[in-house]
Amino acid sequence: MTSTPCTVSFFTLLSSKSKPSKSHLSFICRSQRIVSTNNLDFVLHDSLDASGIDTKHARSSRDGFCSQIQWLSEVERETSIAINRGVDLGKAALHIAAEDDALVSHSSVPLPVDAFVERMDDLSMGFCSLYIPPVGSSPELFLTNLERYFYVHKGFRRTTSVNHSNIQALYLHSVLTRRSGTAVMLSLIYSEMLKMLRLCGFLDFDVEILFPHDLVGLPRGYHKQKSKLSDEQHIMTTQSLLVEILRNLKDAFWPFKNDHSRSLFLRAAHAANCVGPSTREGPFKPSTSVSAFEFASAKAAQHRLGRGVWTSVRFGDMRRALAACERLILLGSDLRELRDYSVLLYHCGFYEESLEYLKLYQDSMQQQGGNEKELSCGPPADLEEDAVEKLPSD
């Protein structure tokens, strides 16, 4: 398949860039957490520090997230969230929320992670005092009561779609407060209740959580001994839950909102061809094939990181999109996250770092003996594969 001119041109532009100008040098990260085997630096925190924004709380939250995922062995990654023991998924999700809160609010006070952990514990204890069935009751009655308590008595409900007006549905602390969240957040809270009930000795049977793949279903528990083979596709593992949380955030804050028929990467690659870096001679100039919205989106994305402000919900949020990408890279679940992070760095003016991450992506794919088409699914796969093949080696 022939790749689109905009995608090919992104890599051509990137390889031709010289080192960042002096105005960019102060934003290059030198001490942020590193991709361990390749000595490549993350950019976000140090670049914000250099622009005068204190990232102390954001860095602490990132460290908290890393302290949880360090326990992710290959077995742990594939362990159901209902029986997970190695990683505290509630704390991991709250550290994600705390970092994003610090990036946006610039508050001198960090998000109280421990207080929300206690709130989840209290939620489980509330079930014990109100809805716990008599000793000897069937597992089905236990789970029926738990769901009645969670969805009826406590009133937790699923948010079917997320936009700028209800972005809180993506963050665990807000879901606990508002009692409205995405299916993945409800699944997480459900699993945390099961974990606490098991620790307290109230749960003495194997249980799994069915994760709904439709737009209206609710996460529900079921007795594992009565499970069927068809249930396996609905089981959410530790890795898939964390990936889903971060990809939801990445999608919500991705700066390029036009053309939802294309992947996030192709939208950003197209925007990279639409505009180039500003020069002393004048401002950005849109090409004749670019809509005014695409042009404005690309221009706003290139300026947002240095300005440190969230200027418009319609243009996403470069800070939180970068944060989601960095955490997904740390999870190491999908090599394409290196590529997506690279294209955001390009729009922020970090051309050398962008090229390094793209080369790392290509080299890693070759080492694994795979290609992007095999890792991808859907119409954008061939276009993305063609784009990566155009990456220059020098």
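Author: Accessible areas come from the Shrake-Rupley method with a 1.4 Å probe, and for residues only the protein chains shown count as cover. By that method the chain has an accessible surface of about 17,900 Å². Carbon and sulfur atoms hold 51% of that surface. The structure is a predicted model, in which local features need pLDDT of at least 70 and side-chain atom pairs count only at pLDDT 80 or more, while totals for chains, interfaces and linings use all residues. Residues are numbered from 1 along each chain as its sequence is written, and side-chain values use heavy atoms, with hydrogens and water left out.

Reader: What makes T237 buried?

Author: Buried means under 20% relative accessible area, exposed means over 50%, and partly exposed is in between (1.4 Å probe, protein chains only). T237 has a relative accessible area of 14%, which is under 20%, so T237 is buried. In the chain as a whole, 54% of the 394 residues are buried.

Reader: Where is T237, and which residues does T237 touch?

Author: T237 is in the loop between β6 (220–223) and α11 (238–253). Helices (H or I, at least four residues) and strands (E, at least two) are DSSP runs, numbered from the N terminus. The chain has 18 helices and 6 strands. Leaving out residues up to four places away in sequence, T237 touches R77, E78, T79, S80 and I81. Touching here is contact, that is, heavy atoms within 4.5 Å. Of the contacts in the chain between residues at least 6 apart in sequence, 65% join residues at least 24 apart.

Reader: Why is D204 called exposed?

Author: The relative accessibility of D204 is 70%, which is over 50%, so D204 counts as exposed. D204 lies in the loop between α10 and β5. D204 and P139 are 65 residues apart in sequence, yet their C-alpha atoms are 8.8 Å apart in space.

Reader: How do you know that α6 reaches close to its expected span?

Author: The expected span of a helix is 1.5 Å times one less than its number of residues. Helix α6 (residues 89–105) has 17 residues, and 24 Å is expected. From its first C-alpha to its last, α6 reaches 24 Å.

Reader: Why is α6 described as largely enclosed by the rest of the structure?

Author: Because 13 of the 17 residues of α6 are buried, α6 is largely enclosed. At its N-terminal end, D88 caps α6, with a side-chain oxygen 3.2 Å from the backbone nitrogen of G90.

Reader: Which residues of α8 are buried, and what do they pack against?

Author: In α8 (residues 139–153), the buried residues include F142, Y149 and F150. The buried residues of α8 pack against α7 (113–130), α10 (183–199), β5 (207–210) and β6. Just after α8, G155 takes a positive phi of about 75 degrees.

Reader: How many aromatic pairs does the structure hold, and why is the one between F127 and F142 called edge-to-face?

Author: The structure holds 11 aromatic pairs. Rings of Phe, Tyr and Trp (its six-membered ring) pair if their centres lie within 6.5 Å; planes under 30 degrees apart count as stacked, over 60 as edge-to-face and the rest as tilted. The centres of F127 and F142 are 5.4 Å apart and their planes are at 70 degrees, so the pair is edge-to-face. This pair links F127 in helix α7 with F142 in helix α8, 15 residues apart. F127 and F142 are buried.

Reader: What makes F150 and Y190 an aromatic pair?

Author: Their ring centres are 6.1 Å apart, which is within 6.5 Å, so F150 and Y190 form a pair; at 85 degrees between the planes, the pair is edge-to-face. F150 is in helix α8 and Y190 in helix α10, 40 residues apart. F150 has 0% relative accessibility and counts as buried. Y190 is also buried, at 0%.

How values were computed:
A polar contact is a pair of N or O atoms within 3.5 Å; within protein, one must be able to donate a hydrogen and the other to accept it, and residues adjacent in sequence count only if both atoms are side-chain atoms.
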